[in-house]
2 protein chains.
Amino acid sequence: MKVLILLAHPEKASLTASLARVAKDQFEKQGDEIQLTDLYAQNWKSAIDIDDFPHYDKSEKFNVILGSKQAYEENAYSEDVKKEHEKLFWADALVFVFPFWWFSMPAILRGWVERVFSYGIGYGRYDDDKKHVRYGDGLFKGKRAMLITGIGGKGNTYSGRSVSGPIEDLLFPINHGIFFYAGYQALPPFVVFDSNFVDENRFKAIESSLRERIATFESTKPIAYRSQNGGDYTIPQLQLKEELAPGKEGFKIHILD
Amino acid sequence: MKVLILLAHPEKASLTASLARVAKDQFEKQGDEIQLTDLYAQNWKSAIDIDDFPHYDKSEKFNVILGSKQAYEENAYSEDVKKEHEKLFWADALVFVFPFWWFSMPAILRGWVERVFSYGIGYGRYDDDKKHVRYGDGLFKGKRAMLITGIGGKGNTYSGRSVSGPIEDLLFPINHGIFFYAGYQALPPFVVFDSNFVDENRFKAIESSLRERIATFESTKPIAYRSQNGGDYTIPQLQLKEELAPGKEGFKIHILD
């Protein structure tokens, strides 16, 4: 298997960077090939703008989607985005390793998604009937993706009825809205709670769990999100059919029982 | 009222920038004072790193929270963050104007939150009993905040049982996890769906609705999130008490009926 790991932390000695090293080492031990994008080390440009689109007419009003569509049609991307596209197409699996800041990914990783998951690649795909191809279908169908993240709070403050909300729901906009949207099957995330207090002993236990998760990466059951065009949603309204999870709302209804 | 508006879009002629201009104009017509941070125009640095903390010993391992805590105690921030802090403390209200990208805010705006909502200001506040002060309490208690955003999809794909999830839940990590976390009362968001297809006539209708929302900014009922330390949650487990929204889970239980 070929795996692209994204690392988003400014400090090489951080827990986050250590988790990325453990994951990489375990994949390699299994004979998998790895490429790692260390966003901070690469000084990754976070903000999408007209400079991302070398062919865009700078005298015209800048429209992000049009720029991205034009770049797709003319295969004209900035050099840094081109390199990431190559890794992304090469890889069978995608792993994001990051600290959970303000209930999501760090800006620098979000900037990678905004610039690399571009039109025709991460979004903006339609089939011959002009049906929107996403959520379970798309360029990355058949590939797997996983989040590895450290969270400062304790696990009990991210469970079902805790004040911060359940971690599954907080990660839904990434697992479902980014990975599954682009066609990836999202694996259950690897989450380290209480991540500011990890001593040597605790790290050993965490490392061992993470190695186990990497060892079972290809056999682990993905989160069973319902595919948009698989029959569970009305077309074109895209509502979950009434007889499925009847009367319920919220993110969980989009997971098969 | 003094209002700080954050604008996150690279194009001055975009719908997003137009919405920010309408909001600013309406506030000013009412006699409110405005400061506007145009993140792209300011070439805002998105990624938090050791350069944000001039006093940090660069030979030491870099820890983001320690760096931010030290900066708070010594009032030693980078110049760009200092300027944003001044605006933030000056303002009675905070408004974010941005395109909804990948189910959240653009990287550049997230980078503003990461760097400006720093330790002791946006997070890391404790009272004399070492109780964690957040979610309804905090430095910005008594102030109001609001999101203004444009979304490419149609409204029916962001309602209760649609495939993308309800917009209220998708915005919860910002309204509850950023604004309310830091003490702000979050107003219902102003959302423009189908935002890639706004002609002159539609824009007039949108402008009129937005002016109405700004005109009623001080009287609009905020989203009734339950405060963490107000009695609805068990301490220190921070679980919603069993008798409230009994048997239910998800983000909605954190809103008073």
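Across the interface of chain A and chain B the rule finds two salt bridges, a salt bridge being a side-chain nitrogen of Lys or Arg within 4 Å of a carboxyl oxygen of Asp or Glu. In one salt bridge the side chains of Glu249(B) and Lys252(A) meet at 3.9 Å, N to O. The model is a predicted one, in which local features need pLDDT of at least 70 and side-chain atom pairs count only at pLDDT 80 or more, whereas totals for chains, interfaces and linings use all residues. Residues are numbered from 1 along each chain as its sequence is written, chains are lettered from A in the order in which they are written, and side-chain values use heavy atoms, with hydrogens and water left out.

The interface also holds 32 residue pairs in polar contact, both residues at pLDDT 80 or more; a polar contact is a pair of N or O atoms within 3.5 Å, where within protein one must be able to donate a hydrogen and the other to accept it, and residues adjacent in sequence count only if both atoms are side-chain atoms. On the side of chain A that touches chain B, the elements giving two or more residues are α2 (64–74), α4 (107–116) and α5 (167–180) of chain A, helices being DSSP runs of H or I with at least four residues and strands runs of E with at least two, numbered from the N terminus. The largest share of that side, seven residues, comes from α5(A).

The size of an interface is often given as the accessible area lost when the parts come together. Here chain A and chain B bury about 5,200 Å² between them, 60% of it on carbon and sulfur atoms, with the area taken with a 1.4 Å probe and summed over both parts. In chain A, the residues that lose the most area to chain B are Trp102(A), Arg161(A) and Val163(A), together 21% of what that side buries.

Over all chains, the structure holds 34 salt bridges. In one of them the side chains of Asp38(A) and Lys12(A) meet at 3.7 Å, N to O. This pair links distant parts of the chain, 26 residues apart, with Asp38(A) in strand β2 (residues 33–38) and Lys12(A) in the loop between β1 (2–7) and α1 (15–29) of chain A.

Within chain B, the contact of α3(B) with α4(B) is made by Asp80(B), Val81(B), Glu84(B), His85(B) and Leu88(B) of the former and Trp112(B), Arg115(B) and Val116(B) of the latter, contact meaning heavy atoms within 4.5 Å.

Key. Buried area = accessible area lost by both parts, 1.4 Å probe.
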